Amino acid sequence: MAVVLLGGFLVAGCTTTPVTLDPASSPELESVGEANVEMGPVTDSRQHGANWLGAIRGGFGNPLQTLETEEPVSDVVRDQFITGLEQRGMLAEEGEGDFVMEVDIEHLDSNQVMRREAHSRLNVTLLEPGSRQIAHENSVRASNVEGGAGGGVFASIEKLEEILTRTLWETIDEALDDERMHRAIAEGPSETQPSSELEADIEALRRLRDRGVLSEDEYRERVLQLVD
């Protein structure tokens with residue numbers, strides 16, 4: 001009978017729950033500077049599926065409930081960085097920033113057997129769009145562990161999502177509040193700025209090409225239109 005009940009629990013518990021990782025309430029932050037940072041691409045270097053975030057596991061390590069995002073995790077994290085930049089008054093419109101922020105997800109997951117654990121490690125790079133010169137780079141990380149009972153089929157997927165959301169935002173806040181990054185932004189890009197309206201327009205097109213918004217042929221066509 002016990003074996004039958006255990007089998008029933010395992011079958012019933014093997015579910016996938018979609019999560020968002022949105023903070024419950026966004027903190028009110030003062031503006032820290034001009035809106036001159038564009039949000040670039042976020043890559044996912046984890047050795048997992050694009051939407052996977054973790055699981056509640058049984059005593060044998062078998063997943064009972066799996067956390068996944070409806071969109072790829074890289075898109076979710078990018079949206080959260082955009083929110084963080086907006087909160088700080090730092091977010092620039094596409095093609096108008098002095099810098100582009102790119103992020104690589106090295107580690108991001110949350111799992112529970114008995115205790116709930118969440119880990120986040122993000123590599124953040126601030127680039128000058130035209131030259132791709134690195135103005136600042138940093139590796140930020142956070143981990144949280146809580147609880148000590150109530151694992152397995154009795155664990156809460158909501159609490160697991162909450163600890164992962166909190167852990168992710170600790171790394172995002174650390175990345176965006178880095179004083180070294182703010183000094184690099186305040187110093188401005190090192191490359192020579194365009195000296196005419198035409199050069200400024202061409203530079204804006206070059207940024208869009210470098211970010212993959214325009215193809216090489218589209219870039220050349222638009223430059224010729226400007227010159228003509």
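I began with contact range. Among contacts in the protein with a separation of 6 or more, 72% are between residues 24 or more positions apart. I note that this is a predicted model.

**Overview.** I listed the elements next. I find six helices and seven strands. Read from the N terminus, their order is α-β-β-β-β-α-β-β-β-α-α-α-α. Of its 228 residues, 40% are buried. The accessible surface is about 12200 Å². Carbon and sulfur atoms hold 50% of that surface.

**Helix α4.** I turned to residues 179–187, which form α4. Which residues of α4 are buried? I get Met181, Ala184 and Ile185. Their arc around the axis spans only 100 degrees, so they sit on the same side of α4. I looked at the other side of α4 as well. There, Glu179, Ala186 and Glu187 are exposed.

I inspected both ends of α4. At the start, Asp178 places a side-chain oxygen within 2.8 Å of the backbone nitrogen of Arg180. Just after the helix comes Gly188, with a positive phi of about 80 degrees.

**Strand β5.** Is β5 mostly covered or mostly open? It is mostly covered, as I count 11 buried residues out of 14.

I then went through the pairing of β5, one partner at a time.

- β2 runs parallel to β5, and six bridges join the two.
- For Ala55, the bridge partner in β5 is Asn111.
- β6 is antiparallel to β5, and I find 12 bridges between them. Leu108 stands opposite Ser120 of β6.

How many residues lie between β5 and β6 in their hairpin? I find three.

**Where I stopped.** I put the two parts side by side. β5 bridges to β2, in parallel, and to β6, in antiparallel fashion.

Terms used
Residues numbered from 1 in each chain as written. Predicted model: local features only at pLDDT ≥ 70, side-chain atom pairs only at ≥ 80, totals over all residues. Heavy atoms only, no water. Helix = DSSP H or I, 4+ residues; strand = E, 2+ residues; numbered from the N terminus. Buried < 20%, exposed > 50% of the residue type's maximum accessible area, 1.4 Å probe, protein only. Contact = heavy atoms within 4.5 Å. Areas by Shrake-Rupley, 256 points an atom, 1.4 Å probe, with all protein chains shown as cover. Arc of directions from axis to C-beta. Polar contact = N/O pair within 3.5 Å; in protein donor to acceptor, adjacent residues only side chain to side chain. Pairing = 2+ DSSP bridges.
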